[in-house]
Amino acid sequence: MTGTADVGVDKDSDESAAAVPSAPGGGPAAGPTPEVSLIKDLTIKTPAPTEAPEEPAEAAEAAAAPGEPTVPAPAGEPPARRPLPDYHDPLDDTPHLDVDEPLLAARAHRPSDLIRFLAGVCGIVAVFVLAGIATSTTTGIEQDIATNAPHFSAVLSTITGLLSSVAVLAVPLAFAVERLIKRDGLRVADGVLASVLAYGVSLGIDWWVAEGASDHIRDALTRLPMDSNGTLTDPVHGYLAPVIAYMTAVGMSSRPRWRVALWVVVVFSGITELLGGYTTPLSLLLTVLIGWSVAYGTLYAIGSPNIRPTGQHLMIGLRKVGFTPQSAHRAPDAPGGTRRYYVTQQSGPPLDVHIIDREQQASGFFYRAWRRLRLRSVAVRRSPQSLRQALEQEALIAYAAAASGARAPQLVATSELGPDAAILVYGKVEGRILDELSDDEVTDLVMASLWESVAALHERRIAHRRLTGESLLVVDEKTACLVNLSGGDIAATDLTLRIDVAQLLTTFALRIGPERAVATANAVLGADRVAQALPLLQPVGMSRSTRIDLTRLGKERKAAAKARALEQVAAGERTQQQAEEDIAAAGEDLLSRIRGQILQIAPEAPMEPAKLERLKPKSLIMVIALTFAAYLALTTIKPAQLKLSQMDWVWAAVALAAAAFSYVAAAMSLTGFVPEKLPFRRTVAAQLAGSFVKLVAPAAIGGIALNTRYLQKAGIRSGQAVASVGASQLAGLAGHLLLLFSFGLITGSQTNGDLSASRAVIIGVLTAAVLALVVAAVAPLRRFVLGRLRSLFFGVVPRMLDLMQTPSKLVTGFGGILLLTLSFTACLDASVQAFGGNVSFSAVAVVFLTANAAGSAIPTPGGIGPVEVALIGALTVADVSPAVATPAVFLYRALTFWLPVLPGWISYNMLQRRGAL
């Protein structure tokens, strides 16, 4: 049953007139016309007595609004709602439609408005970029227009300009009067606000172009009229932009005549200004984009009048297509934000009605765009482009599912509900979704029933694509059915069907464990079909809710295992090594456990993961990082600051050699705290790769994460890898403080009573003290630091005890820490000497140890900015002139940070291809 129900929902009005119902055949509806108030009535109407079938008490209680009091009923009768004052005329015997739903917001922040606003802003930026770089093209277009403009009649141009100038103001004014007469002043107010804001933005851009923009942008957006006295034209038309913002904000999609009339006068006005030499093509385009963007930005900020159909509109629409609704109440939304209503009829079975509208289609746009960009098309649900397509797609899936024999609600009717919504009417199936059941209620019979329905769909090449807990409706102890088929596919590929199996396996495993989940699937589908889903057991191929549940479960299991291990170690029940093994076993993710169960029933199952991703996040991060590095390198490293002509190239070569040796020292400091044997060349390459990671993360955090990942890929368990990196960091901190104290004493002894050279030591001590006091005083920061240290250094002591058995490892580790600090100090000292500086090595060491630590405390990628400022300031305090300190620091940062970026990127990709990262 299909049809169109025009319920008088005026898209451009806040008020809607009740439509006169008609029978399904097109004639007048039988029976009296229902009285429906489109304003939500908070009083509960008592429905007229009808021959409705009896409902169980549980259903009646479920139909009541949350928090609404009920009156106890005699045994055998459903409880009735507490009677409230009924203001319905007792002499009027027309039936009253009772709708129990929360009030819809008067205004809605539509995602579509935000998308259009962002598109307009991107267009404005593109216009400025085009004006700045395509100067020859824009100038040529303006010259062509100026050359051909005299061919047009001057009289005709004058008349057209006069008429368009009058009409461009008269038409919006007439439309506003017409809206006010129809009591739609709210939209007119929105349009006026948007026009005022557009005028303000126009003035701001005019001022910026005149005062701050480049000459290319100014020439592309302004002209010097022939009849002017040297005054340039405005870059943005001060009256066209507000008019465009007004007509966009008031919404004229359902007023085609007004829309055409207003756009015609705007176009004629723009052409007249262009031919008269009072504007440029880019200026006109910029004016349109500003008006359009400001209008949609205003609508999203304050909200558009909510035109979504309510439950009352739904009841009228159901009568239009032949149903006899008596009451309805709002049900939980379906996936994707689809609104649902449970409807009881005067004569007939209860209904489950879904409403889809344009606002729901626009929600989640950015997430869907990212998924479509990242994943191959087979792994992403196709989104309908229009409301009609969405209606037809869901109806087709429902009819195909019914024909396949799968257990699913039956679709009985579809209909449009006004210009921006449609309804799909299903027969209501009583039951509870899987997410509402306890684990004990998820029986093997229920799971087998769902697997049978999925198998029936797959035999007809139908993919569900949403086999999560909210799409599995359990009817009784043995039977369940599939719901929410709107995102499915017809004629699905094998890969899509295998994704369905992987998704349902994961959904069941999250509730009852991988053992029972795989066993039930094997009993229904067979080992071969279950094994084919193994390569698809990837988080990226799962639904968003499933990915969230997997992450949550993994954290909970790991936290519980860690707490239990700490208690057992403290009680002496387990050794530290056994506790680490327990934590590592608990850290195994659920998908790996499902794969293990599948391999037990099908040892020959394919193990290689299917390629679902088109663009990996790390590839995108690499592109962004390289772009960011190039931008920073071009903007921060300037040849004038380096003073290459004054640089001593011999000292520069020494600085380069010291910077290169630092990676060997870093590899020694890591391998020395790992009892297992590591390939030294690959470890050096991993430290070089860390120079690329610093671009997108603070230096310390990026290095810790990369080294931990490297050790894990080298076959070291996660707990031991973290402990080794923690031991290296702890030893590095101790070595840092020891060297600072030692070089401070040396520097102080060399001053011969002159305290100017030891100021760096004082600054270092004060800096460390201030940082310690800040961390200790701020409770959230203190908890964060302690938590990080506790998780980082858990297991460090047992790891150090293991290293005690091999003294050569400790010598390598502590020697690497010492050489690492000395190599960086030597690089900085050689950089100072390269520009004629004369300062002792110990003073440079104190400068490096204090200033580099202070600058790295600010979490910027690679310490860009704070490290340079801190080093230059510390060298200046150590009696190095700013003329020498500035180029010396820039040379030092170029050799230790910027120059290794490209080799680091090469090493990072090489190690990834070899599976070492």
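Trainee: Is Lys 611 buried or exposed in this structure?

Mentor: A residue counts as exposed when its relative accessible area is over 50%. In this predicted model, Lys 611 has a relative accessible area of 65%, so it is exposed. Lys 611 lies in the loop between α20 (590–601) and α21 (617–636).

Trainee: Which residues form a nonpolar patch on the surface?

Mentor: That patch consists of Val 121, Val 125, Val 129 and Ile 133, which together have about 340 Å² of accessible area. Ile 133 belongs to helix α2 (residues 111–133) and is exposed, at 66% relative accessibility.

Trainee: Which residues of helix α19 are buried, and why are they on the same side?

Mentor: Buried means under 20% relative accessible area. In α19 (residues 576–586), the buried residues are Ala 579, Glu 580, Ile 583 and Ala 586. They are on the same side of α19 because they cover an arc of only 125° around the axis.

Trainee: How should I read the phi of Asn 484?

Mentor: Most residues other than glycine have a negative phi. Asn 484, however, has a positive phi, near 60°. Asn 484 is in the loop between β15 (480–482) and β16 (489–490), and it is buried, with a relative accessible area of 11%.

Trainee: Where is Ala 491, and is it buried or exposed?

Mentor: Ala 491 sits in the loop between β16 and α15 (494–512). Its phi is also positive, near 55°. Ala 491 is exposed, at 60% relative accessibility.

Notes:
Residues are numbered from 1 along each chain as its sequence is written. This is a predicted model: local features need pLDDT of at least 70, side-chain atom pairs count only at pLDDT 80 or more; totals for chains, interfaces and linings use all residues. Side-chain values use heavy atoms; hydrogens and water are left out. Buried means under 20% relative accessible area, exposed over 50%, partly exposed in between (1.4 Å probe, protein chains only). Helices (H or I, at least four residues) and strands (E, at least two) are DSSP runs, numbered from the N terminus. The arc is that of the directions from the helix axis to the C-beta atoms. Patches are made of residues with over 30% relative accessible area and no salt bridge: like charges are joined within 9 Å, nonpolar side chains (Val, Leu, Ile, Met, Phe, Trp, Tyr) within 5 Å. Accessible areas come from the Shrake-Rupley method with a 1.4 Å probe; for residues, only the protein chains shown count as cover. A salt bridge is a side-chain nitrogen of Lys or Arg within 4 Å of a carboxyl oxygen of Asp or Glu.
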